[in-house]
Amino acid sequence: MSLLRRIEGSKGGGNTPPSGGDSGSRGGSGDTGTFGGSGTGNLGENEDSKLAAMRQRRAAISDPQRAGAKSNSYIDLKTRVQNKLLSEMDHQNFDVKRTNEVRAHIEELFNAILADESIVISRGERLNLFEAIVAEILGFGPLEPLLADETITEIMVNGPKNVFIEQKGNISRANVSFENDEHVLRILDRIVAPLGRRIDESSPLVDARLPDGSRVNAVIRPIALVGPTITIRKFAKKPLTVDDIIRFGSMTKEIAEFMRACIISRLNIIVAGGTGSGKTTLLNVLSSFIPNNERIVTIENAAELQLRQEHVVTLESRPPNLEGKGQITIQDLVVNSLRMRPDRIVVGECRSGEALDMLQAMNTGHDGSLTTLHSNSPRDTISRLEVMCLMAGMDLPVRAIREQIASAVDMIAQQNRLRDGSRKIQQITEVQGMEGEVITMSDIFEFEQTGIESGKIIGRIRPTGLRPKFIERIESSGIHLPPSIFGLGRQF
């Protein structure tokens, strides 16, 4: 007998008639016998249709009740077994950091509790219940199966009952849920507590990260009216390589060769794009081209970058404490990094006044720096940089800021997410300099859409035929790129 039927039978007693699909079949035959006291053949077609309609209404009413009863019974049993397990473990003072030992002990207690309470369940239900309880005690509850699925790139919790996921660029509803707001908050506390951060009514916003580096943003009541809202940007357990990006169609081999030459030649590069467009992934790939003998300082709000070099210093900003003190901003870290003898400075994302300090670093001997920012096009990137420099609080003329940008930034790589969910480099643009009051730029590569096939955008990233002015810096580094990379001597 399954777990759910046993629980329903024990709650309802022997006088409760069975419900669900079985009751529908039995009730159907019983009803037919009742109506056919003098033989069903005496019923006309109207009576038959009424009987069929009545059965449909009865099934429609009973099915939701049955589903709700199953859900409530499962939650009751899970909560009861889980509480008893926690009580047993509290008495024995287990160290939850020793995961394998704790898991083995949970399994032993779990089997003993089911045996003591004479609960008979199928193997599948038993395994699901055990994994759910282990996730509640050692992991992140209902989020565990979603975090373990490598095809999921984003998890979005909109209150306890609405959980959505992103797979292959498309958003769909996940087949998991939380019990209530308190359940979500309990899991959220487990995420932020090890990082020394907090989330409560006085501080209802938090940025954090999971142990694997996945980024977490959470908003709770009274800011989030639908209940605790969590957004998790997952990162692959195995960092993506340039070969993976080429295989996905985000860039070509020629562009990868060109970008590698730019990194080795210590050009200052900005990776720009919209939310979820793959900026951080591209930044990770570009940073893999940095020689292993250089000292790299990374600066982020929540550490996400997965650099594979040996000599890497990772810095992370810090929010203020309960008294409103102790805040360390990205701008503070950029200024401090200049005293750390960096060969490269990699800023996870420029959002405000730190952009000015980043430009200053690029202009004062820290070539080869990398950063990302949100924008829709290379021209928008320049405009946003101007605005962020003004946010630093310095009363600088716009022309002075533009001169700093034109002198510091060598190239902009525009990464966008297309309508079909795919992520591609749409433009690679050189920042050439100033002409009057305007910063001049030229596209080196651009994405050309050729059509749509089965909902997928078809196109290619092609060279524009222009050689960048910084090609001399690349050649002075001992790298000689063939003219065909820039489309010279090729037919398109």
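Questions on the whole chain, its sheets and its helix contacts follow.

Reply: This is a predicted model, where local features need pLDDT of at least 70, side-chain atom pairs count only at pLDDT 80 or more, and totals for chains, interfaces and linings use all residues. Numbering starts from 1 along each chain as its sequence is written, and side-chain values use heavy atoms, with hydrogens and water left out.

Me: What share of the residues of the protein chain count as buried?
Reply: Buried means under 20% relative accessible area, exposed over 50%, partly exposed in between (1.4 Å probe, protein chains only). The protein chain has 492 residues, and the share that count as buried is 44%.

Me: How many helices and strands does the protein chain have?
Reply: Helices (H or I, at least four residues) and strands (E, at least two) are DSSP runs, numbered from the N terminus. The count for the protein chain is 15 helices and 15 strands.

Me: Which strands are the edge strands of the sheet of nine strands?
Reply: Two strands pair if DSSP finds at least two bridges between them. The nine strands form an open, mixed sheet in the order 9-8-10-11-7-12-13-14-15. Pairing on one side only marks the edges, strand 9 and strand 15 (456-463).

Me: What is the average twist in that sheet from one strand to the next?
Reply: Axes are lines fitted to C-alpha atoms, for helices over the stretch in contact, and angles run from 0 to 180 degrees between N-to-C directions. From one strand to the next, the twist averages 25°.

Me: Which residue of strand 9 stands opposite isoleucine 296?
Reply: Strand 8 runs parallel to strand 9 (residues 312-316), and five bridges join them. Opposite isoleucine 296 stands valine 312.

Me: Which residue of strand 10 stands opposite isoleucine 299?
Reply: Strand 8 also runs parallel to strand 10 (residues 344-347), with four bridges. Opposite isoleucine 299 stands valine 347.

Me: Which way does helix 11 run relative to helix 12, and why?
Reply: The axes of helix 11 (residues 330-337) and helix 12 (residues 354-362) come within 8 Å and cross at roughly 15°. Angles under 35 degrees count as roughly parallel, over 145 as roughly antiparallel, 65 to 115 as roughly perpendicular and the rest as oblique. So helix 11 and helix 12 are roughly parallel.

Me: Which residues of helix 12 make the contact with helix 11?
Reply: Contact means heavy atoms within 4.5 Å. Helix 11 contributes Ile330, Gln331, Val334 and Val335. Helix 12 contributes Glu354, Asp357 and Met358.

Me: Which elements do the buried residues of helix 12 pack against?
Reply: Eight of the nine residues of helix 12 are buried, so this helix is largely enclosed by the rest of the structure. Among the buried ones are Leu356, Leu359 and Met362. They pack against helix 11, strand 10, strand 11 (370-374), helix 13 (378-390) and helix 14 (398-408).

Me: Which strands are the edge strands of the sheet of six strands?
Reply: The order is 3-2-1-6-5-4 in an open sheet with antiparallel pairing. Pairing on one side only picks out strand 3 (170-173) and strand 4 (205-209).

Me: Which residue of strand 6 is the bridge partner of alanine 218?
Reply: Strand 5 (residues 215-219) and strand 6 (residues 229-233) run antiparallel, joined by five bridges. The bridge partner of alanine 218 is isoleucine 230.
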